[in-house]
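This briefing covers backbone geometry, salt bridges, surface charge and strand pairing. The sequence and structure come first, and the notes follow by topic.

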Amino acid sequence: MKLINKDLSRNNGILSDKKSLSIYIHIPFCRKRCGYCDFNTYAGLDYLLEKYVDCVLQEISIFSPLYSSDYVVKTIYFGGGTPTIMPVSFFGKIINSISNHFSVAEFREISSEGNPTKLNVDYLSRMYDAGVNRLSIGMQTIEKKELEILERAQNPEDISRTVIDARDAGFNNISLDLIYGIPTQTLSSFELSVESAISHKPQHLSIYGLSLEPLTPLAQKIRKGYVPDVDEDLAGDMYEWVMDRMHVKRFEQYEISNWALEDPDIDYRSFHNLQYWRNRNYLGIGAGAHSFVEDRRWSNTKLIQDYVESIANEKPFLDFGHAAIAEHKLLGKMDIVKETMMMGLRLTEEGINTEEFEERFSLKIEDVYFTQIRKLMALELIEYKSVNRSKILRLTKRGRMVGNQVFLEFI
């Protein structure tokens with residue numbers, strides 16, 4: 001599948017009147033959990049995989065009557081866990097099911113995360129033929145010691161091999177994930193990892209600060225003194241360095257942790273994730289998956305066995321959706337306003353378009369957040385910028401360094 005050019009406004013006919021919907025497919029299976037991972041993933045349950053995918057297909061059909069007539073699906077994202085733990089034929093089954101049950105324009109983007117240790121050109125070729133046109137590879141770091149601290153089951157050379165195989169398979173939109181702030185990581189070793197990633201000529205880079213969740217094995221090792229703690233000041237230096245370096249290398253920072261290769265013809269931003277950051281409609285399928293459509297937010301039960309039992313046995317439905325839904329909430333207008341501010345300010349270039357905000361909520365942004373905006377502007381953490389005749393509110397470079405503190409002002 002080829003990438004679509006930057007001019008994307010060509011939804012024709014009846015589809016042009018429909019709202020955009022993105023679909024996330026959660027594959028919560030791993031061969032081994034990483035020491036820092038706090039995602040809804042499980043190791044050693046591969047025997048449930050086929051039954052789980054059957055339930056994913058069933059859940060897709062359950063939501064079809066609710067969202068097939070008024071919405072058009074433009075992006076699909078396979079996340080996890082490790083989606084590439086699946087037999088490759090399962091990608092085709094899920095993509096075909098979505099195509100059969102929902103209104104679908106030409107897919108702009110079908111992404112999958114992938115673990116570099118188990119991918120090869122044959123698997124990747126069949127994955128690409130099934131419809132996946134964007135691959136996100138978990139690189140994290142090039143340093144073996146840092147990989148060991150993260151308990152990543154991969155070698156540095158796996159990345160180079162996987163990128164080569166992915167290109168040979170047809171992928172021309174490849175993203176690499178990196179982490180900074182790893183215990184024992186130095187500014188020099190982080191720079192080496194970034195330069196190594198750039199040398200593979202990816203179209204996209206996601207570079208995240210390590211988030212230490214209390215119940216993870218890595219956090220427990222740090223508490224017990226087996227591993228040194230994260231150096232927050234050093235992590236800040238890493239982030240500041242990478243912002244400057246990526247700019248030099250012609251990568252545009254379009255979100256706090258994401259950079260896309262600048263290209264005059266092709267937009268390499270993650271359009272599935274843009275749907276989240278713009279606080280627009282997305283449907284989550286699978287154990288623990290989250291959804292947000294209009295004024296509804298809900299999430300599925302986390303445990304694989306519970307999810308499979310609820311879907312497969314067709315337990316009595318709740319008042320909305322199906323029995324695997326664990327939490328369900330109707331949001332008020334101001335709930336959505338707050339979330340839109342917090343998510344939209346993550347978009348470092350696009351920010352919050354004040355006219356679009358007013359059109360969506362029938363509110364002027366300054367009428368709602370006058371005090372917060374003036375305070376943050378005085379601290380030089382946010383700014384107004386005119387872009388294409390539109391007025392946008394966005395983070396300054398200084399504001400990106402303390403983004404979480406800025407977001408808290410809008411809760």
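Gln-140 is buried in this predicted model, because its relative accessibility of 8% falls under the 20% limit. Gln-140 belongs to strand 6, which covers residues 134-140. Its phi is positive, about 70°, although Gln-140 is not a glycine.

**Backbone geometry elsewhere**

- Arg-250 is another residue that is not a glycine and has a positive phi, here about 65°.
- Arg-250 sits in the loop between helix 8 and strand 9, and with a relative accessibility of 46% it counts as partly exposed.
- The peptide bond joining Gly-80 and Gly-81 is cis, with omega at about 15°.
- Gly-81 is placed in the loop that runs between strand 4 (71-80) and helix 2 (89-101).

**Salt bridges within helices**

- The structure has 20 salt bridges in total, and those described here are among them.
- In helix 3 (residues 121-130), Arg-126 and Asp-122 are four residues apart, about one turn of the helix.
- The side chains of Arg-126 and Asp-122 form a salt bridge with an N to O distance of 3.2 Å.
- Arg-161 and Asp-165 form a salt bridge in which the closest N and O atoms are 3.7 Å apart.
- Here the two ends fall into separate classes: Arg-161 is partly exposed at 29% relative accessibility, whereas Asp-165 is buried at 14%.
- Why does Asp-165 count as buried? Its 14% relative accessibility is under 20%, so it falls in the buried class.

**Salt bridges between distant parts, and a network**

- Glu-255 and Arg-346 form a salt bridge, with 2.5 Å between the closest N and O atoms.
- This pair links distant parts of the chain, the two residues being 91 residues apart.
- Glu-255 lies in strand 9 (residues 251-255), while Arg-346 lies in the loop between helix 11 (333-344) and strand 15.
- Glu-255 is buried, its relative accessible area being 1%.
- A network of salt bridges links Asp-267, Arg-269, Arg-278 and Glu-350.

**Surface charge**

- A patch of negative charge on the surface is made up of Asp-229, Asp-231, Glu-232, Asp-233, Asp-237 and Glu-240.
- Asp-233, one of the residues in this patch, lies in helix 8, which spans residues 232-248.
- Is Asp-233 buried or exposed? Asp-233 is exposed, because its relative accessible area of 64% is over the 50% cut-off.

- Three strands make up an open sheet in the order 15-17-16, and the pairing is antiparallel.
- Strand 15 (352-353) and strand 16 (382-387) are the edge strands; each has a single partner strand, so one side of each has no neighbour in the sheet.
- Six bridges connect strand 16 and strand 17 (residues 390-395), which pair in the antiparallel sense.
- Which residue in strand 17 is the bridge partner of Ser-386? The partner is Lys-391.

Technical notes: Residues are numbered from 1 along each chain as its sequence is written. This is a predicted model: local features need pLDDT of at least 70, side-chain atom pairs count only at pLDDT 80 or more; totals for chains, interfaces and linings use all residues. Side-chain values use heavy atoms; hydrogens and water are left out. Patches are made of residues with over 30% relative accessible area and no salt bridge: like charges are joined within 9 Å, nonpolar side chains (Val, Leu, Ile, Met, Phe, Trp, Tyr) within 5 Å. Accessible areas come from the Shrake-Rupley method with a 1.4 Å probe; for residues, only the protein chains shown count as cover. A salt bridge is a side-chain nitrogen of Lys or Arg within 4 Å of a carboxyl oxygen of Asp or Glu. Lys and Arg count as positive and Asp and Glu as negative; His and the chain ends are not counted. The place of a charge is taken as NZ of Lys, CZ of Arg, CG of Asp or CD of Glu. Buried means under 20% relative accessible area, exposed over 50%, partly exposed in between (1.4 Å probe, protein chains only). Two strands pair if DSSP finds at least two bridges between them.
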